[in-house]
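Hi,

Here is the structure I said I would pass on to you.

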Amino acid sequence: MPVQNAEIAAMFDQAADLLELEGENPFRIRAYRRAARVMESLPQSVRSLLAEGRDLSELPGIGEDLAGKIADIVKTGRFRLLDALKKKLPGQVGDMAALPGLGPKRVKLLYDKLKIRTLDDLRAAVKAGRLATIRGFGPTLIGKLAEALEQPRTGKRFKLPVAEAEAEALLSFLRDGGRLVVAGSYRRRRDTVGDLDVLATAKDGTVVADKLVKYENVEKVLAHGPARTTVVLRSGLQVDVRIVPEESYGAALLYFTGSKAHNIALRNLALDRHWKLNEYGLFSGKRRIAGATEEEVYKKLGLSFIPPELREDAGEIALAAAHKLPRLVSADDIRGDLHVHSDWTDGTTSIEAMAQAAHDLGYEYIALTDHSRRVAMAHGLDPARLARQAKEIDRVNATLKGITILKGIEVDILKDGRLDLPDSALAQLDVVVASVHSYFDLPREAQTERLIRAMRNRNVSIIGHPTGRLIGEREAYDIDMERVIATARDENCYLEINAEPERLDLNDVHAHAAREAGARIAISSDAHSVDALRCMRYGIDQARRGWLTAADVINTRSLGDLRKMLRR
Ligand code: DGT
Ligand code: CA
Ligand code: CA
Ligand code: ZN
């Protein structure tokens, strides 16, 4: 397996932790952390950048020295500095520093005070209650460590709809009049979540905790206490419920919403002002100067409120300090859906019923985009059936008020980038979504050329699910995303965020890259049934994570404006 960007990021983060442990120069440490964030948010693998002969030192935050190290990691799979640091440090100190709640400083304390050098030493010390003897090791931190040591998470991640169904059922069960909210990656609307982090305010936290352990979907109780209770549901989803005091609610929500990188950046801002920020509040000395709401914490730190979807330390903090955050697209902005199927191919519902349902959602338009003939399984349309479908659309348009059905197709992109229907048929349509449904394993260059050729066809309006990934099932096919995005922009072809929760394709990072490059996006449900039209919101979530504003999204336009944009 070639080295992935995320692995390089993890190596840099770990090196930063260990350098901190060594008391290294803070600028050097920060440089590694920043480089880790850069690695994570690149739209393309570093390996392929290098293969193209690109100079990595042109990347933001990457100097010559780091560029050399990255190249070395890609070549050898190892980060020599990290290996050296690990060797220099006694026992498993390096691994310990990666535990949640256990930064470098605390690892050093553990070693200095209790001679703890390995994870087993640490486990034993937790069991024996010896940690409490060290200054700064309060019950919360010890609880956190016990949790991390005893329950190595399976690493399984859950798609949003699964997590949502569990969260909603659980919250309605637990509701007792106090506040109850799911924080963590769920609130940041990541496309998958590792576990649910629930916060509750309650006069008597034990009531909520006692209720939780009796919940019928609980399979296993991992921890049960007044401040934190952790259970595993039958689905395998782990739930952490934390009871927090009202006056800390905002600080706790901020902390447990994360991301960890965002938290660290905020904490550093607080430190710059000689304040302290943690899950209990923002403190000047012993005095709590903010903490009841997230808004007041951000305000005190001189920042605009940062929507949870942006909290990834990807540049949002600097923009919030300048009060220049983008105004993110929201459900209210969406005026139509440009990728919808009917029972003419593999949908379950008539054209008329789909249009009526879209109207009920408040849309002005939908584009009917059934499959083309090559997708035989779906009973794809040939030019003759497409012409007949057009007549049916005219008929329905004449009877339905308040919504317009645009004529469209989801045309297959053939292996060589030609399309599955003749230009003469495509030219009759309002919207042509072109998608790949075959030959997922072409080499990168061929796959990229295939998409680019499709985009250069002037009948094509939108590229559907541009990378073909199915979350947890199929990797994205190998394309040069940077070139695809640049071509989309230059050709006035739009890229889809397919809102189906197993696709979410483009993903957040690619959507961000598209916006940066000036390409525009269509957020589409790809609905095959009336209910599935509602998946739009998952696409909006990812668009928001990609920093998209209404102006970046074509289906926020009025029908008149949209028609002009679709004409090439
Ligand atoms: P997930 O569950 O893997 O999808 O991702 P998250 O972001 O929900 O992560 P999780 O559940 O491990 O922790 C929830 C939040 O708690 C996280 O987003 C930020 C905060 N947090 C956890 N560990 C640390 C830490 O060691 N330092 C700081 N500053 N924050 C942390
Ligand atoms: Ca979580
Ligand atoms: Ca958690
Ligand atoms: Zn489709």
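Let's start with Asp526, which sits in the loop between β17 (521–524) and α23 (536–545). (Helices, H or I with at least four residues, and strands, E with at least two, are DSSP runs numbered from the N terminus.) Phi of Asp526 is near 55 degrees, a positive value in a residue other than glycine. At 4% relative accessibility, Asp526 counts as buried (that is under 20% relative accessible area, with exposed over 50% and partly exposed in between, using a 1.4 Å probe and protein chains only). His465 also has a positive phi, of about 20 degrees, although it is not a glycine. You'll find His465 in the loop between β15 (462–463) and α21 (481–491), and it is buried at 1% relative accessibility.

Before you go further, some ground rules: this is a predicted model, where local features need pLDDT of at least 70 and side-chain atom pairs count only at pLDDT 80 or more, while totals for chains, interfaces and linings use all residues. Residues are numbered from 1 along each chain as its sequence is written, chains are lettered from A and ligands numbered from 1 in the order in which they are written, and side-chain values use heavy atoms, with hydrogens and water left out.

**Cis peptide bonds**

The peptide bond from Gly258 to Ser259 is cis, with omega near -5 degrees, and Ser259 belongs to the loop between α13 and α14 (260–272). Another cis bond joins Asp505 and Leu506, with omega about 5 degrees. Leu506 is in the loop between β16 (494–498) and α22 (508–517).

**The calcium site**

What holds the calcium ion (ligand 3) on the protein side? Its protein donors are Asp195 (OD), Asp195 (OD), Asp197 (OD) and Asp240 (OD), lying 2.2 to 2.9 Å from it. Donors here are N, O and S atoms within 2.8 Å of the metal (3.2 Å for Na, K and Ca); water is not among the atoms, so sites may look incomplete. Along the chain, the donors follow the spacing D-x1-D-x42-D. Asp197 lies in strand β4 (residues 195–200) and Asp240 in strand β7 (residues 238–243), so the pair ties together parts that are 43 residues apart in sequence. Asp197 is buried, with a relative accessible area of 12%, and so is Asp240, at 3%. Asp195 bridges this calcium ion (ligand 3) and the calcium ion (ligand 2), which lie 3.8 Å apart.

**Around ligand 1**

Asp195 turns up again here: 19 residues surround ligand 1, and the closest are Arg157, Ser185, Arg188, Gly194 and Asp195 (a residue counts if one of its heavy atoms lies within 4 Å). A polar side-chain atom of Arg157 lies 2.7 Å from an oxygen atom of ligand 1. For Arg188, a side-chain N or O atom is 2.9 Å from a ligand 1 oxygen, and for Lys260 the distance from a polar side-chain atom to an oxygen of ligand 1 is 3.5 Å. A polar contact is a pair of N or O atoms within 3.5 Å; within protein, one must be able to donate a hydrogen and the other to accept it, and residues adjacent in sequence count only if both atoms are side-chain atoms.

Happy exploring!
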